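This note is written for a reader who is new to structural models. Please keep the sequence and the structure at hand while reading the points.

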Amino acid sequence: MYSFTSRVRYSETDETGNLSLRSLMNYLQDCCLFQSEALGVGPDYLKSRHRLWLLSGWQVVIDRYPRMFEKITVATIPYEFSGCLGWRNICVSDENGVCIVRANSPWVYVNTDTGRPAQPDETEKSAYALEERIPMDYALRKIKLPENMTAGTPVPVIQEFIDTNHHVNNAQYVDIAVNIMEEDMRAFHDPDAAVKTQTEAFRDTKPFIREIRVEYKKQAILGEILYPETCLRDDWYYVAFTDPDGHVYAAVAIRL
């Protein structure tokens, strides 16, 4: 297990004073990269070998969000290698050691010369001490999108979306999806309705997102356009980001 401690900064919080979802996603990703770097198999090492670990997806289950100035510990556990895939858990714990956020993530090992998946060699795999995965209700890696989703407003890929791999950073998709969901929910909320609906909570307060699932399928680069398609099914809000031909860059599922 690898872990680091932090304190929730004001700049990392949303309007409720809680750690924002985007900041949370960044903590999860950073913890994974911190461990790889500490073990000597980080981004620079991989670049020298023309290799790269690409995040393939997320399942993040949230019991509560850390508050502003709260001290937290973020820990990651690599638990399996399977072909070109490496699997990790990440846990965010409070000062009492209670795990308040649990995450699961598959990563794909890629040959950057060919752009194709490859298998890590034994030297790289042996750098990680595999452990038992943490208890959580594990979802399937693939997200089944509903049919007849509604087209939304296109989103241009701008410079601030781009990371060191020269494509849209994984947390950006989540951030954009949540913004789309909140705007959608507010637009359909009727404050005069006699019966409360799922969107009632959006009137005065930010919705509590209990779980996020993401499947990354295709890399979007600077200058491209993301075409979002959305759908609400029961407690889940789905956002698919597609190209002009309907091919999915990323699929996001948000449970309220």
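The points below concern a predicted model and take up a strand, several aromatic rings and one aspartate in turn.

1. Strand E5 covers residues 85–93, and nine of its nine residues are buried, so the strand is largely enclosed by the rest of the structure.

2. Which strands pair with E5? On one hand, E4 and E5 pair in the antiparallel sense over nine bridges; on the other, E5 pairs with strand E6 (residues 99–111), also in the antiparallel sense and over nine bridges. Ser93 in E5 is the bridge partner of Thr73, and Trp87 stands opposite Pro106 in E6.

3. The connections on either side of E5 deserve attention. E4 and E5 form a hairpin with two residues between them, and Gly83 in that turn has a positive phi of about 65 degrees. E5 and E6 form a hairpin with five residues between them, where Gly97 in the turn has a positive phi of about 80 degrees.

4. The count of aromatic pairs comes to nine. One of them is the stacked pair of Phe4 and Tyr27, with 6.1 Å centre to centre and 20 degrees between the planes. This pair links distant parts of the chain, since Phe4 is in strand E1 (residues 2–7) and Tyr27 in helix H1 (residues 21–38), 23 residues apart. Both Phe4 and Tyr27 are buried.

5. Trp53 and Phe81 form a tilted aromatic pair, at 6.2 Å centre to centre and with 35 degrees between the planes. Here too the pair links distant parts of the chain: Trp53 is in strand E2 (residues 51–55) and Phe81 in strand E4 (residues 71–82), 28 residues apart. Trp53 is buried because its relative accessible area is 16%, under the 20% limit. Phe81, at 23% relative accessibility, counts as partly exposed. Trp53, Phe81, Tyr109 and Tyr128 form one aromatic cluster.

6. A ring may also have a charged residue over it: Arg133 lies over the face of Tyr138, at 3.9 Å from the ring centre.

7. Is Asp243 buried or exposed? Asp243 counts as buried, because its relative accessibility is 6%. Asp243 is placed in the loop between strand E12 (236–242) and strand E13 (248–255). A polar contact of 2.5 Å joins its side chain to that of Lys218. Leaving aside neighbours within four places in sequence, Asp243 is in contact with Lys218, Ile225, Tyr227 and Tyr249.

Notes
Residues are numbered from 1 along each chain as its sequence is written. This is a predicted model: local features need pLDDT of at least 70, side-chain atom pairs count only at pLDDT 80 or more; totals for chains, interfaces and linings use all residues. Side-chain values use heavy atoms; hydrogens and water are left out. Helices (H or I, at least four residues) and strands (E, at least two) are DSSP runs, numbered from the N terminus. Buried means under 20% relative accessible area, exposed over 50%, partly exposed in between (1.4 Å probe, protein chains only). A polar contact is a pair of N or O atoms within 3.5 Å; within protein, one must be able to donate a hydrogen and the other to accept it, and residues adjacent in sequence count only if both atoms are side-chain atoms. Contact means heavy atoms within 4.5 Å. Rings of Phe, Tyr and Trp (its six-membered ring) pair if their centres lie within 6.5 Å; planes under 30 degrees apart count as stacked, over 60 as edge-to-face and the rest as tilted. A charge sits over a ring if NZ of Lys or CZ of Arg is within 6 Å of the ring centre and within 35 degrees of the ring normal. Two strands pair if DSSP finds at least two bridges between them.
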